[in-house]
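User: Hey, could you walk me through this one? I'd like to start with the ligand and then look at some helix packing.
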Amino acid sequence: MTNSAPRVLFIYSPSRIHYWSSLATNHSPLATFFAGCRMKLNLAEIREIRLPLVHFFETSFGRTTERRIALVRAEADGLTGWGEVTCGEQPFYSHETPETAWHILRDFLIPWTLGREFKAAADVAPLFQRIRGHNMAKAALENALWAIEARQKGLPLAKCIGGTLDEIPCGVSIGIQNTIEELLEKIEGEVAAGYQRIKVKVKPGWDVNVLERIRGRFPGIVLSVDANCAYTLADLAHLKQFDRFNLLMIEQPLHWEDLVDHAKLQRELTTALCLDESIHSADDARKAIEIGACRIINVKLGRVGGFTSARQIHDVCRASEVPVWCGGMLESGIGRAHNIAMSSLPGFTLPGDVSASRRYWAQDIIDPEVVVSPRGTIRIPQALGLGFAPNLDRIERITTKKECFEASTVFSQLSKSGSRE
Ligand code: OSB
Ligand code: MG
């Protein structure tokens, strides 16, 4: 089935251009699955762009200075949608990299959807579930289809996914710096810019000592920490000291696959735990809430596999009155636009890591760039679809490779006449 979709394929890289086409008949159950539906994907393109960060970003697993980002462009019924693969360059935050996402998109997700018709973007989610993991690859394509669906329905993306807020509260995530003084300066700048919550990255050796200094200088700010799995239960006595700092939450202190130890830790702490890496689905969220592994959940569109899964997690959390907020992955404007739409769902009551383009990029790849008000909010765009226009010239200029898949003309003629079945 993986190579069942007829396609014309271009690979572009600055030094080489390849072109070939293939055509195969398709008798898979997927064709039946999509029969009689409404959205037809006739083109999908994967590309990689390079974007230098204006300032390095360091977590407990390393420092990033430049992003390599895979973007997906999809076309259906004359409408275009964009999606972003939000993984890091190395498999440190999750197992995914731009290369694994490219493979999963090219060899599975695109062949499974190209040239086929379906009712709505959400219909690809159960299809993609057959692949275990690779949620960021799945999200890139599914979210591109959501942008198309929003356009088809004449709605802003936020409305299309069920968003109700007009404006969202914003926080910032500040990485580990070279010195505590530099961190304090950064916090000062972000507080002055109006951000409603400051999150700092922590790891053993850069935690209690840093929090003492932050609270000494900024006693009243809304403050949280993110450990990106840097601790174990053996650090319990040390982690208990975090309770002194009146933190909004401690994000993902323990292992990326763990729920049980987080539940043990939560029972020992007064500060709320928030899970990020451990939550990939609504089922994970249900289990985490059931055993008391956290009191707050961070939702990242890529980590959970796209808008369909994100909405399910949102609903589970809302039913249990567990607040959620939108996490960030140093996204370009495309992923940022999706994050803004997701943050308009009513359960997103805490400030997210969704901040202004200029904190990351000298020039973003969308127009207008994402701006944050002096009150630390972003207005939900009212424009149809994504709500921001991808800057095609700029994207093309920073593209390092590109592959394009088209449902062939022959294929669509066969499809129209019904002889494909
Ligand atoms: O854990 O939230 C995280 C960035 C890369 C990988 C993981 C995380 C982060 C952030 C950045 O905290 C949030 C942002 O995009 O500003
Ligand atoms: Mg996190």
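User: By class, what makes up the shell around ligand 1?
Analyst: This is a predicted model, and in it the shell has six polar, three nonpolar and three charged residues.

User: OK, which residues surround ligand 1?
Analyst: Ligand 1 sits among Thr 59, Tyr 93, Ser 173, Asp 226, Asn 228, Asp 276, Gly 327, Gly 328, Met 329, Leu 330, Asp 353 and Ser 355.

User: Switching to helices. At what angle do α2 and α4 pack?
Analyst: About 45 degrees, with the axes 9 Å apart; α2 covers residues 98-113 and α4 covers residues 135-153. That angle makes α2 oblique to α4.

User: And which residues make that contact?
Analyst: From α2 you get Ala 101, Ile 104, Leu 105, Leu 109 and Thr 113, while α4 brings Met 136, Ala 137, Lys 138, Ala 140 and Leu 141. By class that's eight nonpolar, one polar and one charged.

User: What about α10 and α12, how do their axes cross?
Analyst: At roughly 20 degrees, and the axes come within 8 Å; α10 is residues 282-291 and α12 is residues 307-319. So α10 is roughly parallel to α12.

User: Is that crossing left-handed or right-handed?
Analyst: The crossing of α10 and α12 is right-handed. α2 also passes α4 in a right-handed crossing.

User: Which side chains' positions meet there, α10 against α12?
Analyst: Ala 282, Ala 285 and Arg 286 of α10 meet Ser 309, Gln 312, Ile 313, Val 316 and Cys 317 of α12. Sorted by class, this contact has five nonpolar, two polar and one charged residues.

Note on methods:
Residues are numbered from 1 along each chain as its sequence is written. Chains are lettered from A and ligands numbered from 1 in the order in which they are written. This is a predicted model: local features need pLDDT of at least 70, side-chain atom pairs count only at pLDDT 80 or more; totals for chains, interfaces and linings use all residues. Axes are lines fitted to C-alpha atoms, for helices over the stretch in contact, and angles run from 0 to 180 degrees between N-to-C directions. Helices (H or I, at least four residues) and strands (E, at least two) are DSSP runs, numbered from the N terminus. Angles under 35 degrees count as roughly parallel, over 145 as roughly antiparallel, 65 to 115 as roughly perpendicular and the rest as oblique. A crossing is left-handed if the near helix is turned anticlockwise from the far one by less than a right angle, and right-handed if clockwise. Two residues are in contact if their C-beta atoms, placed from the backbone, lie within 7 Å. Ala, Val, Leu, Ile, Met, Phe, Trp, Tyr, Cys and Pro count as nonpolar, Asp, Glu, Lys and Arg as charged, and the others, Gly among them, as polar. A residue is near a molecule or strand if its C-beta atom, placed from the backbone, lies within 6 Å of it.
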